[in-house]
Structure formats: structure tokens, C-alpha cells
Amino acid sequence: MSPAISGAPFLIFFLTLSLHISFYTAVRLPTKVPSFLPGDNSPPTEKYWFSRLPNTPLPKALRDTLQPGYYPSVIRDFANGEKSSVDAREKYGKHYGEDSHKKTAKSALPDSTIFYLYNDLHPGKKMKLLFTNSGTKVSFLPRRVAESIPFSSDKFPEILKYFSLQVNSEEAEIISDEIGYCESPNMEGEEKYCATSLESLIDFNVARLGQNVQVLSTEPGKKQEYTVSAKAEMRGEHKAAVCHKIRYPYAVHYCHVIEGTEVYVVPLIAADGAEVKAVTVCHLNTSAWSPDHMAFEVLKIKPGPAVCHFLATDTLIWVPKMDQDMTP
């Protein structure tokens, strides 16, 4: 196993709890929502994808955000989707070790697998899993439209005006939080970017990983016990880019490049007989992680050993194609 880059741990865990913990918010949503009838700004299609990635199939998790022929792309219920009651992007950071946050995190944990050890990735292993997603059923805007909309904290009043939102609304708070995550300082070895269009999402990842890539996502499955039914198939090692769909009025992905990892597609059979192929990421060296990280609390270990977790169903992971299949 190759050593991990010390900055990698922060980058991955804002997705992990969203696999396992969710609750629904109910807020009064604005009745006035901007509509886009964009003339020559045609909606994003698969054409740009295949022009940049001619040999890479379009994953379902991304295809669902294209919604051909559907407008407006900005919808009213982005604040009503699933949201982790413990946002790991925030809790993993400098505040995560505080007792109040740890207590909140622990009380929110369900009886399902969040993290597991690398050596547990083998046929016959049983885990109770819940594969969730961001809950935001929004599509991409055309690039020209997306780039015309402010997307920075210093333009926050303009953003609220654009979407006809009150400053004290639930939607305004969510937008502020998500932009704040996008603008948070990079940790050592970290490279991140919030892509506000399909084209910018593709461009960011191609620039860092090239065009000979695979783009993977986890298949949906309901919460129940699953058994690893066969050897996991290694799809990538050393370097990958993970893109998480965030809660926003239109499709935005928070992408970050991670190193010191192995990526596998894991065949699972559910207790009810359903078959699911889930994508898991294993972080090979956790010695640089905070001793207060939830992974160590859940697994009852100290920093160092390789730790794995599954991806949410609307999270994308980009990995360079391998010369041949490998298994752990």
C-alpha cells in the first residue's frame, strides 16, 4: 500500500456521513424562482462530455443531472432535500474534536457501517449500509448562464437578490454554508474546486487526471444488511478526484483531488436478494489524521491503519484507467 498525502483526510469525509445519516427539513420556500429560457444558451448535453472524454461512459449519477429538455434548471426545493445532521465537511475540520460536536455526531450515528478497515474488504463480509445522496434534484445550467450568476461570499447579497431570497431564510443559510465550504482554505496537499457547470466539472478533472479516465458512482440501494459477494475490483490507486453534489439552486459539485488511496467497485448482495455495485475509497495511511476523527471512534483504533468508506450515490469519483484489473 502506498503512503497517503497528509492533506488528504479532510477532503473525503464531508461525503461519508451523508451515506448514513439524513433528516428532512421543512421550510417555507420562495414562490418566485428565476426561469431560464436561454435562447442560444442551449442546455448541457452529453455532447461536451464525449468531446472531452470519448472513451469514458457517462455515469448515471451525472446523466440524471442533465435532464434533457427540462427547464427551468433552478428549482424551489433545494433546501428540502436530505441533509446530514452532522456535516462532516465542518466537523472534520478544526472544530471536530470539540466535545459538543463529538456528542452530536455520536448521537446521530445509526446502526450502519460508516467506516471499515481495509482488511475487511473481502468476500463474505457483512455490513449494514444506507446509500443516500445529497437530495438535491437540480440540473446543470448552460455554462454561459452559470458563469453569469455570482458565486462568491463577497457577492452574497447579489446572489440572494438573483434568487429572490430573504437574508434570514433557510435557503440563504444553505447557500452561504456551501459557498463557505468552497472558499475554505486548502489544507496541505489539497486541491479543490466547485464546478458550477457540466463543462467546468469536466475541465477541472481532465486537467488533473487526463482523458484516459473512469468516472464511477455507487448504485442506489435501501438500508439493510449487505454481504460482499465476490472480490472487489480495483479501479484506481494513488490519485483520484472526488466530486460531491452540494445543496444549491442548480447543480454544483464540490471536487477535490485525493492521493494515497485505492478505489474499488464492491459487489454486494442485500438481505432481500438485491444486487448493488458500490464504490469504496480506501485511505491507506491515516497517521496524519486527528486522533479525534470519527473513523477512529467508530472503529476503536488509533491513527495509522488504512480506513475505507463507501461513496454516496450522487458522488462521482474520477480515476485514471488501469492497465489491468487488480483485487485486494
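**Close-ups of the disulfides**

**View 1. The link of Cys182 and Cys194 is left-handed, with -85° about the S-S bond.** Cys182 sits in helix 8 (residues 170-183) and Cys194 in strand 5 (residues 191-195), so this pair ties together parts that are 12 residues apart in sequence. Helices here are DSSP runs of H or I with at least four residues, strands are runs of E with at least two, and both are numbered from the N terminus. The S to S distance for Cys182 and Cys194 is 1.9 Å, and a disulfide is taken as a pair of cysteine sulfur atoms within 2.5 Å. Cys182 is buried at a relative accessible area of 18%, and Cys194 is buried at 11%. For the cut-offs, buried is under 20% relative accessible area, exposed is over 50%, and partly exposed is in between (1.4 Å probe, protein chains only).

A quick note on the model: it's a predicted one, where local features need pLDDT of at least 70, side-chain atom pairs count only at pLDDT 80 or more, and totals for chains, interfaces and linings use all residues. Residues are numbered from 1 along each chain as its sequence is written, and side-chain values use heavy atoms, with hydrogens and water left out.

**View 2. Cys243 and Cys255 make a disulfide with their sulfur atoms 2.1 Å apart.** Look for Cys243 in strand 8 (residues 233-245) and Cys255 in strand 9 (residues 253-270); the pair therefore ties together parts that are 12 residues apart in sequence. The link of Cys243 and Cys255 is right-handed, with 115° about the S-S bond.

**View 3. Cys282 is joined to Cys308 by a disulfide, S to S 2.1 Å.** This pair links distant parts of the chain, with Cys282 in strand 10 (residues 275-283) and Cys308 in strand 11 (residues 307-310), 26 residues apart. Going around the S-S bond gives 105°, so to speak a right-handed link of Cys282 and Cys308. Cys282 is buried at a relative accessible area of 0%, and Cys308 counts as buried at 0% relative accessibility.

**View 4. Zoomed back out, the structure holds three disulfides.** Count the bonded cysteines along the protein chain and the disulfides follow the pattern 1-2, 3-4, 5-6.
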